[in-house]
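Colleague: Thanks for making time for this one. Could you take me through the model, one feature at a time?

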Amino acid sequence: MPNRSYVLVLNWNGWADTLTCLESLLRSTGFDARIVVWDNGSTDGSSEHVAAWARGEVDAIPALPAELRGRVHPPVPKPVNLAIRGPDEADGGEPVVLIRGDRNLGYAGGNNAAMRWALARPDCGWLWILNNDIVVDADTGARLWQAVRDDPHDRPAGTHIYHLDEPRRLQACGGQRLGRGPLVAPRYVDRIEAADYLTGASLFLSRRRAEQLGFFNEDYFLNAEDLEYTYPYGRAFARAHPGMPPFLVAGKVWHRESSSQSRNRYLHTYYFTRNLLYASRRISPVHGLATFANAVARIGLALLRREPQAARGILRGIRDFRAGVVGAWRETP
């Protein structure tokens with residue numbers, strides 16, 4: 001199998017975060033990597049800003065805690081050998097490439113498009129799916145690659161994820177739990193043995209495993225895709241190998257949680273509610289009923305907290321779930 005890793009960074013109207021992520025990635029050592037930024041039809045001039053950064057005309061100067069500034073500062077030498085292309089344009093093999101998509105495909109569709117593009121390259125042996133609002137430690141890529149490369153079970157891997165604004169506080173040990181009992185309410189875990197699935201913020205897997213798992217479910221558009229992507233695999237692995245964690249965890253990253261979703265409270269609660277209802281029903285009828293009841297209860301809780309936008313988003317999520325609506329949110333006709 002080829003040893004080259006393709007790092008897939010999804011951007012949608014978030015060029016400042018993406019530049020910070022790229023600065024940290026370009027400091028990576030110990031593994032052969034190619035960085036692919038898939039731009040999900042941005043309207044904020046992301047392509048132009050990334051191109052200007054690569055030429056050395058724009059610096060990534062993030063508001064980071066002092067102990068993280070060394071991961072991105074001083075800037076890496078410029079120019080960076082970067083190409084900007086359309087999805088179907090010929091590939092020149094540059095170490096950094098930005099692919100300009102023509103529309104917002106959501107988290108699932110954008111990452112699927114990037115995965116298909118990477119897997120079409122014969123030198124791609126490994127995939128690292130990475131949120132653009134992440135800063136990586138310099139040796140994390142090498143640690144992930146070595147862990148998966150040496151694993152006889154070819155397990156997918158996550159990373160130790162810390163809060164970007166509180167760099168010493170653990171956000172997740174690679175993955176999440178479904179919730180408590182039959183309720184599907186994802187929560188981060190602090191032990192690898194406890195994870196039911198890997199979070200999509202940082203997911204590393206071999207080409208072979210990616211081809212076996214397939215692609216993210218684009219019905220979701222945003223939220224819960226990672227649950228459905230790795231949860232069935234994790235459950236099957238646990239049955240076949242009792243007592244052995246189905247996932248690996250290596251390296252360290254810092255994540256600004258939900259930076260792309262916090263801009264709109266209504267849409268965040270809408271996708272979270274609707275997609276968890278779909279995911280829970282696919283797990284089992286009991287999980288589906290418990291999660292539906294919880295969603296109804298959360299409407300009242302949001303109103304008590306004087307969060308009308310959240311209450312509206314939950315209500316719309318329930319309604320669209322019952323109507324079988326999938327994909328991107330649409331205005332009510």
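Colleague: Happy to start with the prolines: in which loop is proline 79 found?
Modeller: This is a predicted model, so please read each value as computed. The peptide bond from lysine 78 to proline 79 is cis, with omega near 5°. As for its place in the chain, proline 79 is found in the loop between H2 and E3.

Colleague: Which residue does a cis peptide bond join to proline 74?
Modeller: Proline 74 is found in the loop between H2 and strand E3 (82-85). Most peptide bonds are trans. Here omega is about 0° and the bond is cis. The residue joined to proline 74 in this way is histidine 73.

Colleague: What is the phi of phenylalanine 221?
Modeller: Look in the loop between helix H5 (207-213) and H6, where phenylalanine 221 is found. Most residues other than glycine have a negative phi. Phenylalanine 221 is not a glycine, yet its phi is positive, at about 65°.

Colleague: Let's turn to the helices. At what angle do the axes of H1 and H2 cross?
Modeller: Two packed helices are described by the angle between their axes and the distance between the axes. For helix H1 (residues 15-25) and helix H2 (residues 46-55), the axes come within 10 Å. H1 passes H2 in a right-handed crossing, and the angle is roughly 35°.

Colleague: And which residues of H2 make that contact?
Modeller: On the H1 side, the contact is made by Trp15, Leu19, Leu22 and Glu23. By class, the contact of H1 with H2 has five nonpolar, two polar and one charged residues. From H2 come Ser46, His49, Val50 and Trp53.

Colleague: How many charged residues are in the contact of H7 with H9?
Modeller: The axes of helix H7 (residues 265-283) and helix H9 (residues 308-323) come within 7 Å and cross at roughly 35°, and the crossing is right-handed. H7 brings residues including Arg265, Arg274 and Arg281, while those from H9 include Arg312, Arg316 and Asp320. Sorted by class, the contact has eight nonpolar and five polar residues, and the charged ones number six.

Colleague: On to the strands: why is one side of E10 and of E11 left without a neighbour in the sheet?
Modeller: The sheet is open, with three strands in the order E10-E9-E11 and antiparallel pairing. Strand E10 (187-188) and strand E11 (197-198) stand at the edges, so one side of each is left without a neighbour, because each has a single partner strand.

Colleague: What is the bridge partner of glycine 175 in E11?
Modeller: Strand E9 (residues 175-177) and E11 pair in the antiparallel sense over two bridges. Within that pairing, glycine 175 has as its partner leucine 198.

Colleague: How many residues lie between E7 and E8 in their hairpin?
Modeller: Strand E7 (residues 157-163) and strand E8 (residues 170-173) run antiparallel, joined by three bridges. Histidine 160 stands opposite cysteine 173 in E8. Between the two strands of this hairpin, the count of residues is six.

Colleague: Last one, on the second largest pocket: which helix gives the most to its lining?
Modeller: About 190 Å³ of space lies in this pocket, and of its 15 lining residues, the closest to the centre are Ala195, Asp196, Gly234, Ala238 and Pro246. By class, the lining has eight nonpolar, three polar and four charged residues. With four residues, the helix that gives the most is H6 (residues 225-240).

Technical notes:
Residues are numbered from 1 along each chain as its sequence is written. This is a predicted model: local features need pLDDT of at least 70, side-chain atom pairs count only at pLDDT 80 or more; totals for chains, interfaces and linings use all residues. Side-chain values use heavy atoms; hydrogens and water are left out. Axes are lines fitted to C-alpha atoms, for helices over the stretch in contact, and angles run from 0 to 180 degrees between N-to-C directions. A crossing is left-handed if the near helix is turned anticlockwise from the far one by less than a right angle, and right-handed if clockwise. Contact means heavy atoms within 4.5 Å. Ala, Val, Leu, Ile, Met, Phe, Trp, Tyr, Cys and Pro count as nonpolar, Asp, Glu, Lys and Arg as charged, and the others, Gly among them, as polar. On a 1 Å grid over the protein atoms alone, a cavity is a set of points where a 1.4 Å probe fits but cannot get out, and a pocket is an open set with protein on both sides within 12 Å along at least five of seven lines; lining residues have an atom within 4 Å of a point. Grid points are joined across faces, edges and corners, and a volume is the space filled by probe spheres set on the points. Two strands pair if DSSP finds at least two bridges between them.
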